[in-house]
Amino acid sequence: GSVALNREIIQEMHSQSGVRILDKAHAQEHSLEVQLPFLQKVLKKFKIIPLVYGNVRAEEVAKVLNPYLHREDTIIVISADLSHYYDYETAKALDKITADLVARNEADVDEHLSCGAIGINAALILAKENNFRPEMLDMINSGDTAGDKDSVVGYGAWSFEKNKETEPQTELEKEVANLKSFTENYEETLLNIAEQSVREAVIEHRKYSPARDDYDNALFDKGAAFVTLTNKNGDLRGCIGTIVPNQGIAKDVAGNAYRAAMEDNRFSPVSEKELDGLNISISLLTGFERIRYMDEADLLTKINQDIDGIILRDGNRQGVFLPSVWKQLPQKQEFLNNLKIKAGISPSYWSNKIKVYRFRTVEIKKDEN
């Protein structure tokens with residue numbers, strides 16, 4: 001049968017960095033199509049967003065999917081085979097390893113366990129970050145159905161649902177949960193404040209200050225945020241932020257939006273002709289957690305790759321990287337060395353007197369192009 005595409009969401013996804021519309025990527029691909037008969041059986045009326053990934057990191061796939069995870073009108077289906085062309089008993093043993101990883105939400109499935117390891121790991125990253133519990137529905141291989149057990153393909157099925165019994169364990173996880181709850185109510189408002197601040201800065205050359213009479217009181221609780229501006233080509237045009245809450249979050253966002261547009265000394269001020277293609281993102285920061293370590297090697301083991309934002313302080317020198325920097329610097333040592341450079345320290349320098357703190361962010365963004 002025919003299944004309609006949700007072109008609105010496809011275009012929305014297409015605006016994200018690294019996502020393209022490419023028909024030929026689907027020409028020889030069947031892992032999506034095999035799901036359609038099942039969806040047609042259980043859903044009365046639906047549209048699909050067919051998303052195929054290439055040579056990317058699981059974290060990138062998870063980021064694209066994350067905005068749709070909590071929509072009540074959306075189901076996310078990850079489709080992949082498990083082990084390929086091993087004998088029956090070997091396949092069962094390998095698929096058991098995968099099942100154990102899924103049960104623990106550990107995104108360590110490698111490509112000899114599944115040709116779709118990246119997609120499976122993306123699902124497990126989302127499950128762990130959002131406190132979802134996996135439930136195995138079934139696991140077999142083609143030796144159970146086709147008879148030939150010399151060279152089989154493994155298959156498994158899991159569903160995920162919110163684990164209501166388990167609360168976030170660490171203070172940072174609790175703060176992230178609170179920030180996510182906050183953004184569910186005020187995401188659009190904060191983005192509008194940032195946009196208005198940038199427009200007034202560029203067009204009217206004045207600073208916008210949100211008034212209490214215009215917004216909910218919750219927006220004037222103290223908070224810290226970074227505002228990042230990129231142009232329609234994805235190039236950075238300004239990024240300014242606050243790491244310690246010292247004013248209402250609405251005012252902090254407005255002030256940092258103004259400074260990102262006009263006062264980031266790495267770039268010329270944003271011009272009026274750039275406004276229509278300007279992308280705005282806001283990173284809301286949690287508090288800090290001191291990382292205790294024995295030496296630099298020990299520190300690297302304690303940094304959570306792709307998740308932690310890091311503050312490094314050595315005397316009066318300081319460097320800050322948001323978690324989003326992991327996209328450009330995916331290796332821990334590379335990440336730390338560049339953070340030292342940002343703090344004005346040689347990348348080869350180390351002292352155990354250096355103080356290191358971790359924090360987390362919740363990112364919201366508005367794309368204008």
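Two strands pair if DSSP finds at least two bridges between them, where strands (E, at least two residues) and helices (H or I, at least four) are DSSP runs numbered from the N terminus. We're working on a predicted model, where local features need pLDDT of at least 70, side-chain atom pairs count only at pLDDT 80 or more, and totals for chains, interfaces and linings use all residues. Residues are numbered from 1 along each chain as its sequence is written, and side-chain values use heavy atoms, with hydrogens and water left out.

**Exercise 1.** Find which strands pair with β7, and how many of the β7 residues are buried.

*Solution.* 
- Start with β8 (residues 236–241): β7 pairs with β8 in the antiparallel sense over 5 bridges, and F226 stands opposite G241.
- Finally, check burial (under 20% relative accessible area, 1.4 Å probe, protein chains only): in β7 (residues 225–230), 6 of 6 residues are buried. A225, V227 and L229 point one way, while F226, T228 and T230 point the other.

**Exercise 2.** Work out where F182 and Y186 lie, and whether they are buried or exposed.

*Solution.* 
- Both sit in helix α6 (residues 171–204), 4 residues apart, about one turn of the helix.
- F182 has 18% relative accessibility, so it counts as buried.
- Y186 comes in at 15%, so that residue is buried too.

Key. Buried < 20%, exposed > 50% of the residue type's maximum accessible area, 1.4 Å probe, protein only.
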